[in-house]
Amino acid sequence: MATRIDMPQLGLTMETGTILQWLKQEGEKVDKGQPVVLIQTDKVEYEVESPAAGTLLKAAAAAGDELPVGSLMGIVGEPGENVATLLGAPAPAKAEPRAMAPEPTPAATAPPMAAVPPAPVRAPGERVRISPVAKKLAQEHGIDVATLVGTGPEGRIVREDVERAIAAASPEKAGVTPESIPLTGIRKVIFDRMGQSWREAARVTLFADADMTEMARLREAKGAEWERRFGIKVSYSDLIHMAVARALREEPRINCRLDGQAVRVRKEVNLSVAVDLGEGLVVVVIKDADRKSLGDLAKAARDLAERARAGRLSPDDMVDGTFTVTNLGGLGVEAFTPIINQPQAGILGIGKIMEKPVVLGGGIHVRSMLTLSLVFDHRLLDGAPAAKFLAKVKALLEEPAWIA
């Protein structure tokens, strides 16, 4: 029996998807679960699998077509089947979407331009592997992606490859910020979701300064050992993530979200972390963060960030977060008030660790200080549990002997 292949809904914000490439051609046999078509959403590329075994009878849409969620892309069945009724049938009802939402993004600094590598030799019909961000940039500047050499993972074309080509084609335009940024793609998602959060949430911000002096000493003393044990360099962000995950477990009231007309406190701690893509931002999710060791937490964060920038995230990497952490310390920001990643109840902003004079024991001492900004939705959470959570994070950062 012939079966539809429809444009899937991969998240709450997804309304349309674009067909990048058919991985199977009409008349080819396919197995159930075998990837048949590559699509692109605002955030990721995704290989849609065949819902049944058989033959690809019809590719109802072509590469480059943008289709609403639920629209027919193709039909799988047995050779000779009449597919006319399916071609004219309405799309089935949408499945319950899974939430994924970005938050505001800092501006990115453009990398220095290098010489453009020689054009690659590709076989006819060979798939061009390119990140969504790079593909969009190439389309905006009229760059033929088939002529580019990818420097990303597995030869994938990334943003920097396209920027080099733009610089070579129009040197006078290299590094120039466009005067008009269209509200499309991920920029449109950010526009809509941040506006909705700002209008709906009853925002309250709590600030606390954490003394990171002992944490800095611990990282200096054990950094080399951790790198040997874990095979990865542990950053301050990793240590902060671990402290936040433990605080969420010990003060779980803030680990909640709006669920219809109820506030649901989550038992699992799925830490959402903001990753800057340059042209936008995506929030990835470290599942069961409170159960992970420091090494596993650092590896998970690094893996998600690398795959986000290469355009290789799966939809599951961006959903079901219970609390968000966003860090602008690396860009020199001391403190800021982030926007809540709805339907979560709170978000923690991390600033820059700075040496400051602090009064201790009646004397003035220079200490490594970090400003924490906790923004929470007062509709879902009262001030006392929010303050207890922030105090717990501060205490864990200031007395880090608990970190193995």
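**Exercise 1. A pocket and its lining**

The model is predicted: local features need pLDDT of at least 70, side-chain atom pairs count only at pLDDT 80 or more, and totals for chains, interfaces and linings use all residues. Residues are numbered from 1 along each chain as its sequence is written, and side-chain values use heavy atoms, with hydrogens and water left out.

Task: Determine which residues lie closest to the centre of the second largest pocket, and which elements give two or more residues to its lining.

Step 1. A pocket is defined on a 1 Å grid over the protein atoms alone, as an open set of points where a 1.4 Å probe fits, with protein on both sides within 12 Å along at least five of seven lines; lining residues have an atom within 4 Å of a point.

Step 2. The lining comprises 22 residues, and those closest to the centre are Ser 237, Ala 274, Val 275, Arg 309 and Asn 327.

Step 3. Two or more lining residues come from each of helix 6 (236–250), strand 12 (271–276), strand 13 (281–286), helix 7 and strand 14 (323–327). Helices (H or I, at least four residues) and strands (E, at least two) are DSSP runs, numbered from the N terminus.

Step 4. By residue class, the lining divides into 11 nonpolar, seven polar and four charged residues. Here Ala, Val, Leu, Ile, Met, Phe, Trp, Tyr, Cys and Pro count as nonpolar, Asp, Glu, Lys and Arg as charged, and the others, Gly among them, as polar.

**Exercise 2. Salt bridges**

Step 1. A salt bridge is a side-chain nitrogen of Lys or Arg within 4 Å of a carboxyl oxygen of Asp or Glu. The structure holds 17 of them.

Step 2. Buried means under 20% relative accessible area, exposed over 50%, and partly exposed in between (1.4 Å probe, protein chains only).

Step 3. Elsewhere, salt bridges that share partners join Arg 246, Glu 250 and Lys 392 into one network.

Task: Describe the setting of the salt bridge between Asp 161 and Arg 164.

Step 1. The closest N and O atoms of this pair are 2.3 Å apart.

Step 2. Helix 3 (residues 159–169) holds both partners, three residues apart, about one turn of the helix.

Step 3. Asp 161 is buried at 4% relative accessible area, and Arg 164 is buried at 13%.

**Exercise 3. Backbone geometry**

Task: Identify which peptide bond is cis at Pro 343, and where Asp 288 and Asp 320 are placed.

Step 1. The bond from Gln 342 to Pro 343 is cis, with omega near 10°. Pro 343 is in the loop between strand 14 and strand 15 (346–350).

Step 2. Asp 288 has phi near 50°, a positive value in a residue other than glycine. Its place is the loop between strand 13 and helix 7, and it is partly exposed at 27%.

Step 3. For Asp 320, phi is near 70°, again positive in a residue other than glycine. Asp 320 lies in the loop between helix 7 and strand 14 and is partly exposed at 33%.
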